[in-house]
Amino acid sequence: MQTLGPSVPRPSMLATIRASLSENGLRSIYTGLSASLLRQMTYTLVRLGSYEKIKQRMSENGKPSAGKLLLAAGVTGGLGGIAGNPADIVLVRMTSDTLRPPEKQYGYRNALTGLVSLVKNEGIKGLSRGLGTNATRAVLMNASQVGSYDFFKMTLLRDRIPLVDYQFHDGLFLHVVASLAAGTCGTTVCSPADVIRTRIMGSSGNANPLQVLARSLREEGPMFVFKGWTPAFMRLGPNTVLMFVFFEQLKQGWSHFAHS
């Protein structure tokens with residue numbers, strides 16, 4: 001939905017899913033799965049691992065402030081964006097291929113053949129397509145998702161919930177609530193960069209972010225930056241909840257194992 005321009009009719013999310021299932025079958029909803037897995041093994045691994053390491057170093061001299069955590073999350077997000085950029089290009093192209101005319105489709109069978117084809121046709125430089133926008137989006141995502149998760153978690157632990165007078169304790173319920181809030185924050189903050197990044201990576205020309213932004217604003221108006229927000233949240237919301245719930249359990253399990 002984010003790749004659709006003003007000249008294309010704007011279907012709803014349900015209409016898009018229904019059309020995809022009717023034309024390409026159940027497998028269509030898993031298009032780009034290999035690229036998505038590769039992206040998680042590069043982008044997510046770097047941004048979460050490096051953030052946790054920096055946070056541990058910062059905590060040696062006392063609990064770090066929310067501002068320092070947000071800064072650390074932004075820096076590590078940028079590193080993750082750089083690491084995951086090639087996989088991101090392949091993912092965008094695989095998931096948007098069915099929207100293209102047959103003669104303009106990339107036809108990547110999986111992530112590895114996509115990377116080989118990308119380098120073969122566009123050179124090593126092709127791996128950096130949209131890197132600036134992607135890194136910016138990664139900085140925003142890590143700060144608004146990972147950084148805000150720590151912020152929401154600390155705030156909920158510190159303050160009682162008004163009206164219901166409820167005090168959170170460190171546990172599964174806290175992790176779910178804080179991660180759901182972080183997912184909502186991340187989806188909203190990153191939507192503008194996500195839309196522009198998707199359009200640049202999905203193109204075969206040499207459009208830069210400012211050109212894409214100016215053309216989209218002129219042809220679609222300012223609300224184009226939130227195109228596809230609902231499906232983006234349906235992906236990022238559960239992803240954020242499961243990621244942090246499992247991450248917290250893994251940290252607790254490793255801590256018990258290390259001290260046993």
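Modeller: Start with a definition: a salt bridge is a side-chain nitrogen of Lys or Arg within 4 Å of a carboxyl oxygen of Asp or Glu. Keep in mind that this is a predicted model.

Biologist: What makes R137 and D194 a salt bridge?

Modeller: Their closest N and O atoms are 3.0 Å apart. The cut-off is 4 Å, so the pair qualifies. R137 lies in helix α5 (residues 131-158) and D194 in helix α6 (residues 172-202), so the bridge ties together parts that are 57 residues apart in sequence.

Biologist: Why do K55 and E52 count as a salt bridge?

Modeller: The N to O distance is 3.8 Å. The limit is 4 Å, so the label holds. K55 and E52 are three residues apart in helix α2, which means about one helical turn separates them. An α-helix has 3.6 residues a turn, so residues three or four places apart point the same way. Both K55 and E52 are buried.

Biologist: How do you know that the length of α5 fits a helix?

Modeller: Compare two values. At 1.5 Å a residue, the 28 residues of α5 should span 40 Å. The end C-alpha atoms of α5 are 39 Å apart, which agrees.

Biologist: Where does α5 bend?

Modeller: At S148, by about 35°.

Biologist: What makes the phi of L163 worth a remark?

Modeller: Phi of L163 is near 70°, a positive value in a residue other than glycine. Most residues other than glycine have a negative phi. L163 sits in the loop between α5 and α6. At 92% relative accessibility, L163 counts as exposed. D165 is found in the loop between α5 and α6. D165 has a positive phi of about 50° and is not a glycine.

Biologist: Why is N85 called buried?

Modeller: N85 has a relative accessible area of 1%. The cut-off is under 20%, so the label follows. N85 belongs to helix α3.

Biologist: What lies 2.7 Å from a polar atom of the N85 side chain?

Modeller: The backbone oxygen of L127. Leaving out residues up to four places away in sequence, N85 touches L127, S128, R129, G130, L131, N134 and M201.

Biologist: What is the mean pLDDT of the chain? Which elements have the lowest and highest means?

Modeller: The chain mean is 86, and 88% of residues reach 70 or more. Helix α1 (residues 13-24) has the lowest mean among the elements, 66. Helix α4 (residues 111-122) has the highest, 94. Where pLDDT is low, the predicted coordinates should not be read in detail.

How values were computed:
Residues numbered from 1 in each chain as written. Predicted model: local features only at pLDDT ≥ 70, side-chain atom pairs only at ≥ 80, totals over all residues. Heavy atoms only, no water. Helix = DSSP H or I, 4+ residues; strand = E, 2+ residues; numbered from the N terminus. Buried < 20%, exposed > 50% of the residue type's maximum accessible area, 1.4 Å probe, protein only. pLDDT = per-residue confidence, 0-100. Expected span 1.5 Å × (residues − 1). Bend = angle between axes of the 7 residues up to and from the residue. Polar contact = N/O pair within 3.5 Å; in protein donor to acceptor, adjacent residues only side chain to side chain. Contact = heavy atoms within 4.5 Å.
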